Amino acid sequence: MEQARDKYIRKRNSAKAINRKAIKEYEEKLSQNIKRDNKSFYSYMKSKQKRKDKVGPLKNGQGKIVTEDEETAEMLNNYFGSVLTKEDMKNIPEPKKLFEGSDDLRLTDVYISEVMVVKMLENLKEDKAPGIDEIHPKFLKEVRNEIGAILAGIFNDSIKSGVIPRDWRDAIVTPLFKKGSRGETSNYRPVSLTCIICKVLERIVKERMVEHLNKNRLINNSQHGFTKGRSCLTNLLDFFEEVYDNLDRNNSVDLVYLDFAKAFDKVPHKRLEKKLQACGIHGSLLKWISNWLKDRRQRVRIKGKNSSWISVTSGVPQGSGFASERLWL
């Protein structure tokens with residue numbers, strides 16, 4: 001028994017040493033690649049924080065402290081719904097036409113192959129939470145070769161017909177604390193947990209749309225957010241270059257800072273459709289996007305307790321595969 005115990009201790013210590021070495025090498029790799037992949041670095045650092053974000057307790061309109069999860073979820077959902085835009089359908093302005101190509105160069109349809117679907121499923125992050133259908137991304141990733149052709153057929157039929165299943169338009173909202181008092185509903189932002197299968201379709205469509213925009217040079221050079229190879233860092237570098245260039249020539253520089261509250265949540269759907277048309281997106285694809293935006297619903301979930309459903313009349317769900325629709329705003 002003594003020999004077995006000593007052998008166990010040696011093996012345990014050896015395993016711990018190997019584990020520590022692997023963690024050290026992983027952390028060194030993250031730090032070395034921070035310029036190319038800062039998202040992974042900060043995600044890892046965040047996972048090491050002991051304090052986890054919690055919701056509430058909130059204060060209601062009468063100043064009463066709310067601690068019940070279901071009532072808290074209802075309060076947050078009502079607040080998230082209050083910032084949405086109710087669009088005036090009689091007064092929708094026409095945007096400037098950006099696409100100057102011929103009709104045959106407009107983007108009117110997207111064909112989705114089995115290979116595209118399998119590739120998207122293969123790249124799914126297994127640690128992501130499932131949507132309202134409760135189908136976990138790890139499961140979808142494991143059976144990608146078996147369901148790739150089936151999903152491709154469903155996706156193509158959906159785009160051609162413009163039919164969007166209800167589960168694809170419903171979202172479970174997770175409230176994330178920003179800053180300030182945890183008792184104020186305005187200090188939380190919504191992140192939507194939507195159907196993973198629909199996200200796969202959204203990302204394929206988004207890639208095709210971005211390809212169309214880049215090909216026709218419809219994305220302004222000043223756009224840094226939500227564009228491949230650009231970020232807040234590249235935006236700052238361009239900004240500082242212009243400022244220092246003016247200072248070197250003894251010119252003054254005036255700065256104006258703008259921050260639009262809930263800007264993306266307030267985006268009116270019909271205006272967004274008009275903007276897409278101005279970018280040369282028409283036909284069955286535009287109809288599909290229009291139906292994807294139409295009759296959306298959301299509910300807030302806190303510790304398994306749900307609020308009631310509310311209609312989402314504006315904006316693009318944060319956390320959806322279409323988040324880069326912000327490019328056209």
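**Close-up A. Ring pairs link Phe-239, Phe-240 and Tyr-244 into a cluster.** Rings of Phe, Tyr and Trp (its six-membered ring) pair if their centres lie within 6.5 Å. The model is predicted: local features need pLDDT of at least 70, side-chain atom pairs count only at pLDDT 80 or more, and totals for chains, interfaces and linings use all residues. Numbering runs from 1 along each chain as its sequence is written, and side-chain values use heavy atoms, without hydrogens and water. Tyr-244 sits in helix α9 (residues 232-248); helices are DSSP runs of H or I, at least four residues, numbered from the N terminus. Phe-239, Phe-240 and Tyr-244 also contribute to a nonpolar surface patch of about 800 Å². Patch residues have over 30% relative accessible area and no salt bridge; nonpolar side chains are joined within 5 Å, like charges within 9 Å. Areas come from the Shrake-Rupley method with a 1.4 Å probe.

**Close-up B. Tyr-79 and Phe-80 form a tilted aromatic pair.** The structure holds five aromatic pairs. Planes under 30 degrees apart count as stacked, over 60 as edge-to-face and the rest as tilted. Both Tyr-79 and Phe-80 are buried. Buried means under 20% relative accessible area, exposed over 50%, partly exposed in between.

**Close-up C. Glu-94 and Lys-274 form a salt bridge.** Their closest N and O atoms are 2.8 Å apart. Glu-94 lies in the loop between α3 (69-82) and α4, and Lys-274 in helix α10 (residues 269-278), so the pair ties together parts 180 residues apart in sequence. Glu-94 is exposed at 61%; Lys-274 is partly exposed at 25%. A salt bridge is a side-chain nitrogen of Lys or Arg within 4 Å of a carboxyl oxygen of Asp or Glu. The whole structure has eleven salt bridges.

**Close-up D. Asp-170 pairs with Arg-166 in a salt bridge.** The closest N and O atoms are 2.9 Å apart. Asp-170 is buried, with a relative accessible area of 2%. Arg-166 is partly exposed, at 31%.

**Close-up E. Arg-249 and Asp-245 meet in a salt bridge.** The N to O distance is 2.8 Å. Arg-249 is partly exposed at 47%, and Asp-245 is partly exposed at 39%. Elsewhere, salt bridges that share partners join Glu-126, Lys-138, Lys-141 and Glu-142 into one network.

Terms used
Buried < 20%, exposed > 50% of the residue type's maximum accessible area, 1.4 Å probe, protein only. Helix = DSSP H or I, 4+ residues; strand = E, 2+ residues; numbered from the N terminus.
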